[in-house]
Amino acid sequence: MALSTEYPPTWESAFETHSLPALHSLSVSLRQTLTANATAQRSLVGSRYRELLSTAERIVTMADDVERVEELMGTLGRGCSAGMVERKARGLAKWKDGRVERGGEAEALVRGRVVRSLVDGAGRLGKRGRGGHVLAAGKDVVLARLIVKSMEKTGEASQETAELGKRVNGARKRLLRWIEKVVGRKDEGRQGVVRALTAYTLVVSAAPKEVLRFFLQVRLGEVERRAEAIESGKKEDGLVGVLDTYAQTLVDVKSIFPRKLTDALSALEKTTLVQDPDVRAMEGLSLDVYEKWIPEDVRNFHPYVRHEQLTTAEVSSGLAAWTKQAQTTVLQGIHAALESQIDVDVVLRIRQQVLSKYISLSTQLRNEQHTRAIESVRSTFLARLSQLTEQAAELPDLTSNLPHSSASPPSVWALHSTSDLDSPAGASRFRQAILTHQHGHSSATQNVSVILDSWSSNIQTYTAAIAGMKAIKWANDLDLDLDDLTDAEGLHHSLSQEDPKSLEERLQTAVAKNLNLAYEKLEASCKSSSSQDPALTLRMVREVDHRRRALVSLLTAKSSTSSPSTSTPHADESFIASLHRSLASSVISRPIQRYKQSLASSALRNTSTLWDGTPPLPVQLSTCTFRFLRDLHREMADKGTDLWSRDAVLAVKREVERNVGEEMGKIIDRNESVEDGGTGDAESQQKESNGEEAEAKDVSDAGDAGVDPQSSTATTTSLPSLPLLQILFDIFYLQGMLHASADEASASPSAPQTKGDLDTAAKDRLMRSAKESWRRTYLLFGLLAG
């Protein structure tokens, strides 16, 4: 910062013109100005420091560059020395002299080199593998072939010319194979296909009709190859690749023939092969040097194209014939792909993919023939889905490898031995063991349950898959307007309504048929083997019924589609009733045998000590009857509590009623005959022992006269004997257990019919006592109370 003009110019003048305080102020001001200038200087240097560093680095780099340039200039200087120039001049003179002397041989060598360069260049282009260079490779091969033919005509180096000809022919064959690969690739761009067809036209001098035929043959071969790969089990891209090739061919023919191919062939004739940019750009060819040794007719050669018009009608005719053959191959591929698939979801996914491609293609082609092809494809998928539906509905034979008897379930207190309760999953295992015991599941029934669960799950899967067919919105999935199709509404209705409906009906029919067949097999197996346990058969029927009820929504056909064959299946009622009777007979056989033995003994005698009332009458079951019911209940529980449905319990009750009724009737007749034959002796013996018969007679007489049993004026008649009274009480008890109402009990064949006189009051007392006893004790026989 410059000093202000107010400051004195020298320090001597300052002391002369200013006082000491003024000088002190002037000194402070100067010091502040110097400090500010120093600070500003330091800031300026700091802000330019990075620029200074970058400038230094640039200087170092420039020094390195200068050093390299000096080395290169030194090398050039040494190469351009006078001695070197003289040696090159002498070599050039010698070469010119040799060319004059061997002019023809040199031309042959140069042409051979050009041919080899062209063949090698075409090979390098082929190794790149894409279709963008196939036309350039074709031009190279054609130019090489022209040069070889020119050499053959002039007779230059015949042996070497023959070898060159073989190399050119080999390159031509490899080029044609490459063209086939490019044309057959479905992912090749349309422009690449046009270049490949142009190269084919150039190499074989084909007419447009022949090019179309070649294109369709290659594409048909590709479709057949992919279809054969599906049949042989090879993965590749499978059915999608077949459809892509098929669809791409149809679209490419419409796009390429005849317009684009004609334009490409016309562009081919505009320049000579030697001057073609693709040829001159060949690496290592150096035509700018060797062009003058190429014969003039080759240098002036324009690619020859046969000018034969390809009309739209000819293209449509050829495409129609190809479509017919390709469609047959595509259907074969679809058949092969579907035959190896057993998963309905996979089949439906393939169905959606295939039909989506067909529908999308139909909107582009608007062809009636292709619309019929869609119907064929739809029918093919529907046939396979129908086969899978019927296979899914097939129920395995449940009667194979069944044991003749069903093992009784273990006691609930012994379940700890069948499951590991100490493991982390011990609680869940014990709960599962309880449920298994409760439902009477043995190894045989568990195997049947697993089979039926798998079958039912499969049916549910197919039901959900069919429902998914209805939910498909083809227009939304394809992002197109189905109105562009010829019969869009009918096609959508067929795909989303008719096909699912047909599969539903087939599934209903097949499931109903297989359920009926399962019931029939179980019935036939039970009838053919008398030793087969009815409990096992009942459990198997119950498992089948459980799955049938789970499928009731599927098996309930609508009225518009119902038929006798699709009615809800069920087991034959007479067959179930026979199983219940057999089961009842098996559980009652041993208890009834022991009961008969007890009744034949003196078990009913001397039971009056626990009687109640005046006159004393029984108020509880006899020991033998109670033991019979206890044994019967135990037999039923041992068979498994899951077996005792209402009908099964009724069958047991009928067996009890029939067997006990017959036995009770025999005992009653036997006791009454004894009373008729020796009433006096029996009464005297009873009076001598305890006097009870006299009292019972008084009570009976009083009851018959319709007066108070305590009245001394009542007429007397004899009550039945003591065992007979107990038998009557047991019969009333059993009737209360076996029948729900008093009317049913009175109409029962086991109702007591005695010759002895049992007054109404005593009978009513017995019935009330029996009813009250059943009410107090029915929980002891829970299975029989159902």
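The largest nonpolar core of this predicted model has 178 residues, and L197, F257 and W644 have the most contacts inside it. Such a core is a set of buried Ala, Val, Leu, Ile, Met, Phe, Trp, Tyr and Cys residues joined through side-chain atoms within 4.5 Å; buried means under 20% relative accessible area with a 1.4 Å probe, protein chains only. Helix α10 (residues 238-268) gives the most to this core, with 13 residues. The model is predicted, so local features need pLDDT of at least 70 and side-chain atom pairs pLDDT 80 or more, whereas totals for chains, interfaces and linings use all residues. Residues are numbered from 1 along each chain, and side-chain values use heavy atoms, without hydrogens and water.

- Beyond its neighbours within four places in sequence, L197 is in contact (heavy atoms within 4.5 Å) with V183, V211, F214, F215, I256, F257 and L261.
- Helix α10 has a kink of about 50° at I256, shortly before the proline P258; the bend is the angle between axes fitted to the seven residues ending there and the seven starting there.

**Whole chain**
- The chain has 30 helices and 0 strands, which are DSSP runs (helices H or I, at least four residues; strands E, at least two) numbered from the N terminus.
- Of the 786 residues in the chain, 41% are buried.

**Cysteines**
- The count of disulfides (cysteine sulfur atoms within 2.5 Å) is 0.
- C526 is buried at 17% relative accessible area, and C624 is buried at 3%.

Notes
Buried means under 20% relative accessible area, exposed over 50%, partly exposed in between (1.4 Å probe, protein chains only).
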